[in-house]
Amino acid sequence: MIASVRGVVTAAGPDHAVIEVGGVGLAVQCAPGTLADLRVGQPARLATSLVVREDSLTLYGFADDDAKALFELLQTASGVGPRLAQAVLAVHTPDAVRKAIANADTGALTRVPGIGKKGAERLVLELRDRIGPVPVGVDGAAGVTGGGWPEQVRQALIGLGWTAGQADQAVTAVAETIDGPTPPVPVLLKQAIRLLGRTR
């Protein structure tokens with residue numbers, strides 16, 4: 001869904017930045033190296049990956065599309081979630097990660113907090129044949145559905161900077177448009193953002 005964001009950096013913390021896009025402040029989780037290049041009050045562009053969970057929508061940001069692609073590829077390995085994938089990129093550059101996996105350098109991989117010897121061996125085994133420059137398409141969670149979509153979308157909208165009242169109105173409006181199977185949460189969220197964009 002949200003493949004990249006471009007706007008002014010309005011705040012920065014130890015693990016995230018807030019980028020204002022069209023009047024909406026987007027909280028983006030970033031590795032320290034990415035945050036180091038951002039300046040509050042200055043424009044920035046980040047490649048992003050939206051991770052959808054039952055109870056959250058989290059936007060991860062990267063300095064370029066290469067780091068984003070590797071972040072998504074790492075998550076296809078068993079036992080690797082978004083936080084661990086981001087930790088890998090916090091310790092190593094994308095090129096260093098590819099080199100470590102291609103050369104079965106488990107020592108380099110175990111320098112990442114949360115990755116032990118077995119985890120490093122699993123990364124090598126599962127990703128070695130796919131770590132090269134081949135473009136990787138990853139289904140970021142487009143299939144996430146569920147009965148709790150109104151609350152998920154509502155919380156996401158509030159997290160993106162809208163008031164609870166605006167979020168409730170958007171969720172109600174989106175619900176009225178559903179005819180048949182419920183679309184994935186990211187699709188519903190996009191629709192709600194579009195509706196709110198018209199009211200600004």
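Predicted model: local features only at pLDDT ≥ 70, side-chain atom pairs only at ≥ 80, totals over all residues.

User: Why is the pair of Tyr60 and Phe71 called tilted?

Analyst: Their ring centres are 5.2 Å apart, and a pair needs centres within 6.5 Å. The planes stand at 35 degrees; under 30 would count as stacked and over 60 as edge-to-face, so the rest are tilted. That is why Tyr60 and Phe71 make a tilted pair.

User: What parts does this pair tie together?

Analyst: Tyr60 belongs to strand E5 (residues 56–62) and Phe71 to helix H2 (residues 65–74), so the contact links parts 11 residues apart in sequence. Both Tyr60 and Phe71 are buried, a word that stands for under 20% relative accessible area.

User: What makes Phe62 and Phe71 an aromatic pair, and how is it classed?

Analyst: The distance from centre to centre is 4.7 Å, to be set against the limit of 6.5 Å. With 45 degrees between the planes, Phe62 and Phe71 are tilted. Phe62 and Phe71 are both buried.

User: Which residues form one aromatic cluster?

Analyst: Tyr60, Phe62 and Phe71 do.

User: Where does UniProt place the helix-hairpin-helix DNA-binding motif class domain?

Analyst: The unreviewed UniProt entry puts that feature at residues 72–91 and 107–126. In the model, residues 72–91 are 65% helix and 0% strand, with end C-alpha atoms 16 Å apart. Residues 107–126 are 65% helix and 0% strand, and their end C-alpha atoms lie 17 Å apart.

Note on methods. Residues numbered from 1 in each chain as written. Heavy atoms only, no water. UniProt positions renumbered as here; feature names shortened; annotations may be inferred. Helix = DSSP H or I, 4+ residues; strand = E, 2+ residues; numbered from the N terminus. Phe/Tyr/Trp six-rings, centres within 6.5 Å; stacked < 30°, edge-to-face > 60°. Buried < 20%, exposed > 50% of the residue type's maximum accessible area, 1.4 Å probe, protein only.
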